[in-house]
Amino acid sequence: MARLNPENTELARELIGHYPRPKSALIPLLHLAQEQDGYVTDEAMVHIAELVGVTPAEVLGTCTFYEMFKREPVGKYLVNICQGIACTIMGAEELIGHAEDALGIKVGSTTPDGTITLERAECQAACTEAPCLQVNYRYRYRVTDEDFDGLVAQLRSGALDAEIPPHGTLARRPYRQHMPADRRNGPGFIDGAGEPVWIKRHREAAEAQGSTS
Ligand code: FES
């Protein structure tokens, strides 16, 4: 359980500065918390609430709305096997049964070594490639039992580390986009009256159009 560490607190403040209202940064900050710990801790939600000026309950409300935010520890790899109709017809239930046997766990739980969490998922929008699964949201198509076993072996050996980062990782630095200070929430972004400049531009254009029609 952890609040955002100093580095991520600094990054959180930068993210908040991208928005006209601090509260608008809630979702990016939840992603940041999940990237830090692999899931969103209660302490991180309290910290985020302090940073953006809302109640912890509001942060919790946003966090629980989105399935991709986890509030309990999950494995380094989250394996979601699709149970949609196309995948079911093409053997998803058998694949899920094989995965449970191979990993020695039931769906919804994590291997004792903390490597893999197994979940069912609804249609992953790859129905022509059924049955499919995702590992930390990276697709694997037309998965056989043997494919699954090979995938697990590769995950455990680290052979896929370059392709599949640990659960929660969004953008590996130095690839994360940083907004220059002069493009953030401040001079040039908010005008003197506190109105975001792009909203002001659109409002004035709409008003000008209204006055000529
Ligand atoms: S049913 Fe599995 S991807 Fe659509």
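Helix α2 covers residues 26–37, twelve in number, and at 1.5 Å a residue it should span 16 Å; its end C-alpha atoms sit 17 Å apart, which agrees. The expected span here is 1.5 Å times one less than the number of residues, and helices are DSSP runs (H or I, at least four residues) numbered from the N terminus. This is a predicted model: local features need pLDDT of at least 70, side-chain atom pairs count only at pLDDT 80 or more, and totals for chains, interfaces and linings use all residues. Residues are numbered from 1 along each chain as its sequence is written.

**Around α2**
- Leu26, Leu29, Leu30, Leu32, Ala33, Gln34 and Glu35 of α2 are buried (20 or more other C-beta atoms within 10 Å of a residue's own, with C-beta atoms placed from the backbone).
- Those buried residues pack against α1 (6–16), α3 (42–52) and α4 (56–65).
- Just after α2, Gly38 has a positive phi of about 90°.

**α1 with α2**
- The axes (lines fitted to C-alpha atoms over the stretch in contact, with angles from 0 to 180 degrees between N-to-C directions) come within 10 Å and cross at roughly 160°.
- That makes α1 roughly antiparallel to α2 (over 145 degrees).
- Asn8, Leu11, Ala12 and Leu15 of α1 meet Pro28, Leu29, Leu32 and Gln36 of α2; contact means C-beta atoms, placed from the backbone, within 7 Å.

**α6 with α7**
- The axes of α6 (residues 92–103) and α7 (residues 145–157) come within 10 Å and cross at roughly 40°.
- Leu95, His98, Ala99 and Ala102 of α6 touch Asp145, Phe148, Asp149 and Val152 of α7.

How values were computed:
Helices (H or I, at least four residues) and strands (E, at least two) are DSSP runs, numbered from the N terminus. A residue is buried if 20 or more other C-beta atoms lie within 10 Å of its own, exposed if 12 or fewer, and partly exposed in between; C-beta atoms are placed from the backbone. Two residues are in contact if their C-beta atoms, placed from the backbone, lie within 7 Å. Angles under 35 degrees count as roughly parallel, over 145 as roughly antiparallel, 65 to 115 as roughly perpendicular and the rest as oblique.
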